[in-house]
Amino acid sequence: MRLARTRLTLLAALFAPLALLAPTTAHAAPAAAAHRPARHAPGETITLPVRDALTELTVAAESRAGYSRDKFKHWTDADKDGCNTRAEVLLEEAVTAPEVGAKCTLTGGSWYSPYDDRYLDSASKLDVDHLVPLAEAWDSGASAWTAKEREAYANDLDDARALIAVSAASNRSKADKDPTEWLPPYAPYWCEYVTNWVADKTRYQLSVDPAEHNALTERLAACPDQPITVTYAR
């Protein structure tokens, strides 16, 4: 019995150094863990280069399951002044101010559409575009939001990048496409477009899918790495 114990002690002594060389599960786990960007609180404001902002976005597959445009209540009149969100954007972005009539009917005025480098002389010729389309927002995180959060997203007047007045033709060409599939017809606007896209996704802590991330990375490599200032909405 004593001899058997002696043999066991000798074997333990021989293999102890090898055990020290072998990686343990506890040590290996952190290296294998996926990078998860830090969550930010609503109202927190950050400033960082746009390429850094892109790296901070979560990269994840997207799903459109369950999407309906009706799940984003939009063109509301949050301040009850008679002008809904669409009209507020048109008034804010007018190059020449229109006349405001009953029920916020806009007459006259002029606007510049940066998507296609056009000037337009009637509000009826413009759409107000959600820079990151409602369907794209749904795909990349908004499906998990409350109805009120989706309504706030669809009517965001607190960040000028979120909603933009553009020609109806360019907006309908874009539809719900992300920068993998669509960029504005006017190429000199591309850098501002993708920079604002990253800012808007950052504001709402939305994800990007792998193809979208690659397309943004490639496009931003040809653009100034300008700082963006973003206040988190949620």
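# Briefing: bonds, pairs and a covered strand

Welcome! C223 is a buried residue, with a relative accessible area of 5%; here buried means under 20% relative accessible area, exposed means over 50%, and partly exposed lies in between (1.4 Å probe, protein chains only). The model is predicted, so local features need pLDDT of at least 70 and side-chain atom pairs count only at pLDDT 80 or more, while totals for chains, interfaces and linings use all residues. Residues are numbered from 1 along each chain as its sequence is written, and side-chain values use heavy atoms, with hydrogens and water left out.

**Confidence**

- The protein chain has a mean pLDDT of 88, pLDDT being the predictor's confidence in each residue, from 0 to 100.
- A pLDDT of 70 or more is reached by 84% of the residues of the protein chain.
- Over residues 1-35 pLDDT stays under 50, and the model has one contact beyond four places in sequence for them; a contact means heavy atoms within 4.5 Å.
- Where pLDDT is low, the predicted coordinates should not be read in detail.

**Disulfides**

- A search of the whole structure turns up two disulfides, each defined as a pair of cysteine sulfur atoms within 2.5 Å.
- C191 lies in helix α8 and C223 in the loop between α9 (210-220) and β8, so the pair ties together parts that are 32 residues apart in sequence; helices (H or I, at least four residues) and strands (E, at least two) are DSSP runs, numbered from the N terminus.
- While C223 is buried, C191 counts as partly exposed at 25% relative accessibility.
- C83 and C104 also form a disulfide, their sulfur atoms being 1.9 Å apart.
- With a torsion of about 95 degrees about the S-S bond, the disulfide of C83 and C104 is right-handed.
- This pair links distant parts of the chain, with C83 in the loop between α3 and α4 and C104 in the loop between β2 (99-100) and β3 (106-107), 21 residues apart.
- Both C83 and C104 are buried.
- Counting bonded cysteines along the chain, the disulfides follow the pattern 1-2, 3-4.

**Salt bridges**

- The structure holds 14 salt bridges, a salt bridge being a side-chain nitrogen of Lys or Arg within 4 Å of a carboxyl oxygen of Asp or Glu.
- R64 pairs with D139 in a salt bridge, and their closest N and O atoms are 2.5 Å apart.
- R64 sits in the loop between α3 (50-56) and α4 (85-93) and D139 in helix α5 (residues 134-139), so the pair ties together parts that are 75 residues apart in sequence.
- R64 is partly exposed, at a relative accessible area of 34%, whereas D139 counts as buried at 11%.
- E149 and R234 meet through their side chains in a salt bridge of 3.5 Å, N to O.
- E149 belongs to helix α6 (residues 147-154) and R234 to the segment after β8 (227-231), so the pair ties together parts that are 85 residues apart in sequence.
- D159 and R161 form a salt bridge whose closest N and O atoms are 3.0 Å apart.
- D159 is buried, with a relative accessible area of 9%, and R161 counts as partly exposed at 21%.
- Salt bridges with shared partners join E62, E136, K201 and E212 into one network.

**Aromatic rings**

- There are 13 aromatic pairs in the structure: rings of Phe, Tyr and Trp (its six-membered ring) pair if their centres lie within 6.5 Å, with planes under 30 degrees apart counting as stacked, over 60 as edge-to-face and the rest as tilted.
- W182 and Y193 have ring centres 5.8 Å apart and planes at 70 degrees, so they are an edge-to-face pair.
- The pair links distant parts of the chain, W182 lying in the loop between α7 (168-174) and α8 (190-203) and Y193 in helix α8, eleven residues apart.
- W182 counts as buried at 7% relative accessibility, and Y193 counts as buried at 1%.
- One aromatic cluster is formed by Y67, F72, W138, W145, Y153 and Y204.

**Strand β6**

- Strand β6 (residues 126-130) is mostly covered, with five of its five residues buried.
- L126, V128 and H130 point one way from β6, and D127 and D129 point the other way.
- β6 and strand β7 (residues 163-167) pair in the antiparallel sense over five bridges; two strands pair if DSSP finds at least two bridges between them.
- D129 stands opposite I164 in β7.
- H130 is buried at 5% relative accessibility, and its contacts beyond four places in sequence include W75, Y153 and K174.
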